Amino acid sequence: AIGKGCPDLLVESPRYGLMLVEVKRPKGALTADQKRFQMAGWPVYIVRSAEEALRVIQVPRPSSSGDTP
(Lines give C-alpha, C1' and ligand atoms only; values in the text may rest on other atoms or scores of the structure.)
Protein backbone atom coordinates (compact mmCIF):
# COMPACT_ATOMS: atom_id res chain seq x y z
CA ALA A 1 0.00 0.00 0.00
CA ILE A 2 1.18 3.49 -0.78
CA GLY A 3 -0.29 5.00 2.36
CA LYS A 4 -2.17 8.03 3.55
CA GLY A 5 -1.85 11.15 1.47
CA CYS A 6 -1.42 9.37 -1.85
CA PRO A 7 -3.25 11.27 -4.63
CA ASP A 8 -6.58 10.03 -5.96
CA LEU A 9 -5.32 9.30 -9.47
CA LEU A 10 -2.10 7.89 -10.86
CA VAL A 11 -2.28 8.81 -14.54
CA GLU A 12 -0.08 7.66 -17.41
CA SER A 13 0.11 10.76 -19.59
CA PRO A 14 1.09 10.29 -23.24
CA ARG A 15 3.22 13.39 -22.94
CA TYR A 16 4.67 13.34 -19.41
CA GLY A 17 4.57 9.76 -18.17
CA LEU A 18 3.30 9.09 -14.65
CA MET A 19 1.39 11.98 -13.11
CA LEU A 20 -0.10 12.18 -9.63
CA VAL A 21 -3.48 13.93 -9.58
CA GLU A 22 -5.53 14.90 -6.53
CA VAL A 23 -9.22 15.63 -7.18
CA LYS A 24 -10.82 18.21 -4.92
CA ARG A 25 -14.21 19.88 -4.69
CA PRO A 26 -14.25 23.57 -5.65
CA LYS A 27 -13.43 24.70 -2.10
CA GLY A 28 -11.73 21.51 -0.92
CA ALA A 29 -8.34 21.66 0.78
CA LEU A 30 -5.51 19.18 1.07
CA THR A 31 -5.42 17.07 4.22
CA ALA A 32 -2.34 17.10 6.45
CA ASP A 33 -1.35 13.69 5.02
CA GLN A 34 -1.68 15.00 1.46
CA LYS A 35 0.47 18.03 2.28
CA ARG A 36 3.15 15.74 3.75
CA PHE A 37 3.05 13.61 0.59
CA GLN A 38 3.71 16.71 -1.53
CA MET A 39 6.40 18.00 0.82
CA ALA A 40 8.20 14.67 0.44
CA GLY A 41 8.98 15.76 -3.11
CA TRP A 42 6.16 14.23 -5.13
CA PRO A 43 4.79 16.55 -7.85
CA VAL A 44 1.05 16.41 -7.28
CA TYR A 45 -1.42 18.21 -9.54
CA ILE A 46 -4.61 19.41 -7.86
CA VAL A 47 -7.69 19.58 -10.08
CA ARG A 48 -11.27 20.59 -9.38
CA SER A 49 -13.08 19.36 -12.51
CA ALA A 50 -12.83 16.79 -15.29
CA GLU A 51 -12.00 19.60 -17.73
CA GLU A 52 -9.14 20.76 -15.55
CA ALA A 53 -7.82 17.20 -15.23
CA LEU A 54 -7.80 16.80 -19.02
CA ARG A 55 -5.92 20.11 -19.38
CA VAL A 56 -3.34 19.10 -16.78
CA ILE A 57 -2.53 15.80 -18.46
CA GLN A 58 -2.89 17.45 -21.87
CA VAL A 59 -5.28 14.95 -23.39
CA PRO A 60 -7.54 16.43 -26.07
CA ARG A 61 -11.21 16.19 -25.24
CA PRO A 62 -13.23 14.15 -27.75
CA SER A 63 -15.43 16.22 -30.01
CA SER A 64 -19.15 16.36 -29.28
CA SER A 65 -19.76 14.10 -32.28
CA GLY A 66 -18.04 11.27 -30.44
CA ASP A 67 -15.06 11.15 -32.81
CA THR A 68 -11.68 10.74 -31.21
CA PRO A 69 -8.95 13.20 -32.16
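1. Of the 69 residues in the protein, 26% are buried; buried means under 20% relative accessible area, exposed means over 50%, and partly exposed lies in between (1.4 Å probe, protein chains only). The accessible surface comes to about 5300 Å², and carbon and sulfur atoms account for 57% of this surface. Such areas come from the Shrake-Rupley method with a 1.4 Å probe, and for residues only the protein chains shown count as cover.

2. This is a predicted model, in which local features need pLDDT of at least 70 and side-chain atom pairs count only at pLDDT 80 or more, while totals for chains, interfaces and linings use all residues. Residues are numbered from 1 along each chain as its sequence is written, and side-chain values use heavy atoms, with hydrogens and water left out.

3. The average pLDDT of the protein is 81, and 81% of the residues score at least 70; pLDDT is the predictor's confidence in each residue, from 0 to 100. Confidence is lowest in strand β1 (residues 9-13), with a mean of 85, and highest in strand β3 (residues 44-47), at 92.

4. The protein has two helices and three strands, in the order β-β-α-β-α from the N terminus. Helices (H or I, at least four residues) and strands (E, at least two) are DSSP runs, numbered from the N terminus.

5. The three strands form an open sheet in the order β1-β2-β3, with mixed pairing; two strands pair if DSSP finds at least two bridges between them. Strands β1 and β3 are the edge strands, each pairing on one side only. Strands β1 and β2 run antiparallel and are joined by five bridges. Ser13 stands opposite Gly17 in β2.

6. Helix α2 (residues 50-57) packs on the sheet and touches β1, β2 and β3, and its direction makes about 150° with that of β3. Contact means heavy atoms within 4.5 Å. Axes are lines fitted to C-alpha atoms, for helices over the stretch in contact, and angles run from 0 to 180 degrees between N-to-C directions.

7. Lys24 lies in the loop between β2 (17-23) and α1 (32-39). Is this residue, Lys24, buried or exposed? Lys24 is buried, because its relative accessible area is 14%. Leaving aside residues up to four places away in sequence, Lys24 touches several residues, including Leu30, Ile46 and Arg48. The side chains of Lys24 and Gln34 are joined by a polar contact of 3.0 Å. A polar contact is a pair of N or O atoms within 3.5 Å; within protein, one must be able to donate a hydrogen and the other to accept it, and residues adjacent in sequence count only if both atoms are side-chain atoms.
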